[in-house]
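Keep the structure open while you read.

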Amino acid sequence: MISQTMKERVKAIVRNARNSLTRAYMRGIFVVHPIEKKIVFMSYLGRQYSCNPRAISEKMHALYPDFKLVWVLDDQRDWKGTVPDYVTTVRPGLARYREIATAFCYITNNNNDPDLAKRRGQFFIQTWHGDGGFKKILYANSRGRTQFVPVTDNAVTDICMAGSDYGERKYRIAFQYRGEILTVGCARNDRLLYPDEDESHAIRERLSLTQGQRVLLYAPTFRKKNLDSQSIEVDLEAVLRHLSARDGSQWVCLVRAHPSARFGVNCSGDSIRDASAYPDIADLMQIADFLITDYSSCACDFALTRRPVLLATFDREEYNRDERSLNVALEETGFIYADSQAQLLEFIDTCTEADYRNSCERVLRFYGSKETGRASERICEMIDERYRRQFSR
């Protein structure tokens, strides 16, 4: 019988051969085609138009519209109406590598696999999606298989974007990254610090939320059992009843499955809705009045709003054992967390707005938040400055 380790080694050999062919293809393009005034973006391996790349892309168009903006997006959904008209889209595969090979700048929110070739004059930016993530990742994850899938950001990345001291340490440890880190915040969080009221109104309209409805966002992290459909660990109907009883408002729950869950989540009724297909969770956090998650880094982002956030850590021991080890002890972070449904409801009934605000302040201090509200602007200025310095001679 072939051992699991041997299977992994065989997969690694095949993957390395494929990566070598991809790099050779890109180097061939280097010879024929010059660098263009173009930026290529990819979020969650092409599955979303979202996160830090989206925030930078939209700010880039506003500040420097002469740059061509290209997004790598899969063909599993219709992107019309989601992606702005000024964006060119390409599918993953050879089209992606062809665009990156001729772009001045490439921006992603996932670690770079060793299939990329890079030439002199290109500028690669890493905007990791889990700046405040609880979970151990990449080289920090002892249960991972990074010996078979090496992280190559040191080889191709020029600068990393971080929103906290914690995020900066993550690059050094989990990525083993030794290069420059720009710690001015995560671009996707600019809107949480300085939300646009008109934009918030438009998001609510797209979600068919009526005036006066308050929004509970439930956004659990990924689990192995959620490969197809995200499971719901919390009795959300009970949560909505307790929220309504507490303030007399009408509450609706938006459930956001992790991007790795292929078919979102099963929801029934008008009060609990599946928002997994909504393009960007940043929009949902912008209009949410309350967040319940578990081990997702969105909790750290949402703390910037100083609105209520609770961690439903019902399976903490099981999660640590079977899924991922955690980087931190939840007791140290400042978050309010519940280890059971009963405790969760008790917190909803008894915690005050001041309790939640104080919790958020403790969280931001624990992580060493460096959010400025203008991270996307700073990155865009850097891109334009580097391009002009290099090509305006």
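Arg54, Glu58, Arg191, Glu199, Arg206, Asp280 and Asp283 are tied together in a network of salt bridges. A salt bridge here is a side-chain nitrogen of Lys or Arg within 4 Å of a carboxyl oxygen of Asp or Glu. The structure holds 26 salt bridges.

Before going further, some ground rules. This is a predicted model, where local features need pLDDT of at least 70 and side-chain atom pairs count only at pLDDT 80 or more, while totals for chains, interfaces and linings use all residues. Residues are numbered from 1 along each chain as its sequence is written, and side-chain values use heavy atoms, with hydrogens and water left out.

**Salt bridges, pair by pair**

| Pair | N to O distance |
|---|---|
| lysine 118 and aspartate 158 | 2.6 Å |
| arginine 191 and glutamate 199 | 3.6 Å |
| glutamate 331 and arginine 316 | 3.2 Å |

Take lysine 118 and aspartate 158, joined by a salt bridge. This pair links distant parts of the chain, 40 residues apart: lysine 118 sits in the loop between strand E4 (103-108) and strand E5 (123-126), and aspartate 158 in the loop between helix H4 (153-156) and strand E6 (159-162).

How open are the partners? Lysine 118 has a relative accessible area of 27%, so it's partly exposed. Aspartate 158 is at 26%, so it counts as partly exposed too.

Now for arginine 191 and glutamate 199, which form a salt bridge and also belong to the network we started with. Arginine 191 is buried, because its relative accessible area is 14%. Glutamate 199 comes in at 28%, so this residue is partly exposed.

Glutamate 331 is in helix H12 (residues 330-333) and arginine 316 is in helix H11 (residues 316-322), 15 residues apart.

**Buried or exposed?**

Is serine 57 buried or exposed? With a relative accessible area of 0%, serine 57 is buried. You'll find serine 57 in helix H2 (residues 51-63). Setting aside neighbours within four places in sequence, serine 57 is in contact (heavy atoms within 4.5 Å) with Phe41, Leu69, Trp71, Tyr86 and Val87.

Aspartate 270 is another story. Its relative accessible area is 53%, so aspartate 270 is exposed. Look for aspartate 270 in the loop between strand E9 (251-255) and strand E10 (272-274). Aspartate 270 and threonine 89 are 181 residues apart in sequence and 34 Å apart in space, C-alpha to C-alpha.

**Two positive phi angles**

Leucine 45 isn't a glycine, yet its phi is positive, about 60°. Leucine 45 lies in the loop between strand E1 (36-42) and H2, and at 43% relative accessible area it is partly exposed.

Cysteine 51 isn't a glycine either, and its phi is a positive value near 65°. Cysteine 51 is found in helix H2 and counts as buried, at 4% relative accessibility.

**How helices pack**

Two packed helices are described by the angle between their axes and the distance between the axes. The axes are lines fitted to C-alpha atoms, for helices over the stretch in contact, and the angles run from 0 to 180 degrees between N-to-C directions.

H2 and helix H15 (residues 375-391) pack at about 60°, with their axes 9 Å apart. H2 and H15 are therefore oblique to each other, given that angles under 35 degrees count as roughly parallel, over 145 as roughly antiparallel, 65 to 115 as roughly perpendicular and the rest as oblique. On the H2 side, the contact is made by Ala55, Ile56, Lys59, Met60 and Leu63, and on the H15 side by Ser376, Glu377, Ile379, Cys380, Ile383 and Asp384.

How do helix H8 (residues 236-247) and helix H13 (residues 341-350) pack? Their angle is about 15°, with the axes 9 Å apart. H8 and H13 are therefore roughly parallel to each other. The contact is made by Ala238, Val239, His242, Leu243 and Arg246 of H8, together with Gln341, Leu344, Leu345, Ile348, Asp349 and Thr350 of H13.

Terms used
Helix = DSSP H or I, 4+ residues; strand = E, 2+ residues; numbered from the N terminus. Buried < 20%, exposed > 50% of the residue type's maximum accessible area, 1.4 Å probe, protein only.
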